[in-house]
Amino acid sequence: MSIVQEKFQFPSKTENDNQFNFSDCEQIIEFDHPTKYRTSEWYTGQGKIAAQGDGRSFEISASYTLKAEVKVVEGIFESSNPLLADVYRRRGRCVAIVDQTVEEIYGESIRGYFQAHDIPLELMVCRAWESDKTPETVHRLLHFLGKDGCDVSRNEPVLVVGGGVLSDVAGLACALQHRRTPYIMVGTTVVAAIDAGPSPRTCTNGKQFKNSMGVYHPPVLTLVDRNFFRTLDIGHVRNGMAEIIKMAVTDDPVLFELLENYGSRLLETHFATLGGDSELAEIADDVIYRALFSYMKHEGTNMFETYQDRPHAYGHTWSPRFEPAVKLMHGHAVTIGMAFGATLAQQMGWLKTTERDRIIELCRSLGLSVYHPILEDIDLMLEGQKNMRRKRGEGGLWAPLPTGIGSCDYAQEVSSGVLEAAIETHKQLCTAFPNQGNGQQMYLRDLGLE
Ligand SMILES: NC(=O)c1ccc[n+]([C@@H]2O[C@H](COP(=O)([O-])OP(=O)(O)OC[C@H]3O[C@@H](n4cnc5c(N)ncnc54)[C@H](O)[C@@H]3O)[C@@H](O)[C@H]2O)c1
């Protein structure tokens, strides 16, 4: 067996990187805190304090290390599966937040599981539509977790079961509870399973810009069980495939080919949970594992977005501005962003025309959108770009664009002229398609209208 070792060493990206220089200091004290005083088993930390010796100033540097595990499993809530019982038995209870639809479908088996293991369950059902991704929902969750609710302790992992909306808001509530309370994520949608679930980025939406408020707080354990996909609306399965395409285009050519060859069947069978095709089931697990590994290889090792060379921001540069403006499903907004990005990359000479066409064709073959007239609103696109530059920090735009199938680079500046020309080319390309680049079920339906 050969072991491949890849090491990620994020280089200093800016000239004025402000690293501490402890060599000049007169007094340095290092703290490597003893294990027995740990607040919780998942986090460790080290610190250093260095005094200049003038009796007036000193510098501190501290780092904390967290452990986050991801497992692809089957039958999470089957009583024969000891995984969750082993975590919660010794804590004497399980505090859980469960998506409303998931509770309707799986509530009985979740309750049955904890009953079978004789573990008291305190469960909050939370409606988690995109329109519920608000600070108010985070407040409600905090009420449940806090002193007036379950009074969750700092080392007691909250169980979160649901889709990407719930993982974002519940993850944020956990981050705020006691400033950092661990949580275990069971992602029940494709998006939550391979992307939002294990993601360190917890958040809520702002008024005009998605995901604008949040903190970095990954689950300590992410459990992925594709059996949940069986009950998903096919529109949500499709939506999740957008995020897998993102990982394939920027990082994994094998995954891209798997999607080209099996994507449609995986969509129709909800990742081989319908139809009993065992060969396809293996491919489904392979696709999920590859997507997760690619995602966490980059996002998990750059847990706090300390660096902006993030392949998985592909399709997410302009879309956070236009997605809420026209109420697109997240996956469709991302594929429009990716398809446009492919056209832009081709115009900039980064990508071959055949590769651009393969990317756009893969999205289309799965019924995902590749165009929307909102792209023609140049002011909105430039505003999105400006917002993104601010969000991504120092200097550049850091827009990942493909340089081939399975690789990418980062555009630091896209002038309004280049942007406008690429939009026009993309429009010409897509309006020639029979459906003008529209996808199936591309708009959000859960707009909070009762
Ligand atoms: N934090 C991140 O890094 C990150 C990454 C990607 C996406 N996101 C966010 O994720 C959100 C989209 O997540 P999503 O696509 O999971 O949507 P979602 O959470 O809205 O879930 C979709 C619908 O499916 C229902 N549902 C969930 N599981 C089900 C199941 N097993 N069977 C039947 N119905 C089920 C939900 O109740 C909901 O109505 C967006 O807000 C997006 O911004 C975050």
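A polar contact is a pair of N or O atoms within 3.5 Å; within protein, one must be able to donate a hydrogen and the other to accept it, and residues adjacent in sequence count only if both atoms are side-chain atoms. The model is predicted, with local features needing pLDDT of at least 70 and side-chain atom pairs pLDDT 80 or more, while totals for chains, interfaces and linings use all residues. Residues are numbered from 1 along each chain as its sequence is written, and side-chain values use heavy atoms, leaving out hydrogens and water.

A polar backbone atom of V165 is 3.0 Å from an oxygen atom of the ligand. A nitrogen atom of the ligand lies 2.8 Å from a polar side-chain atom of T188, and a nitrogen atom of the ligand lies 3.0 Å from a backbone N or O atom of F228. Of the ligand's own 870 Å² of accessible area, the protein covers 93% (Shrake-Rupley method, 1.4 Å probe).

The shell around the ligand holds 10 nonpolar, 11 polar and 8 charged residues, with Gly counted as polar and Asp, Glu, Lys and Arg as charged. Helix 2 gives the largest share, 4 residues; helices are DSSP runs (H or I) of at least four residues, numbered from the N terminus.

S294 is in helix 8, residues 278-300. S294 counts as buried because its relative accessibility is 2% (buried is under 20%, exposed over 50%, partly exposed in between; 1.4 Å probe, protein chains only). The side chain of S294 makes a polar contact of 2.8 Å with that of D251.

How values were computed
Helices (H or I, at least four residues) and strands (E, at least two) are DSSP runs, numbered from the N terminus.
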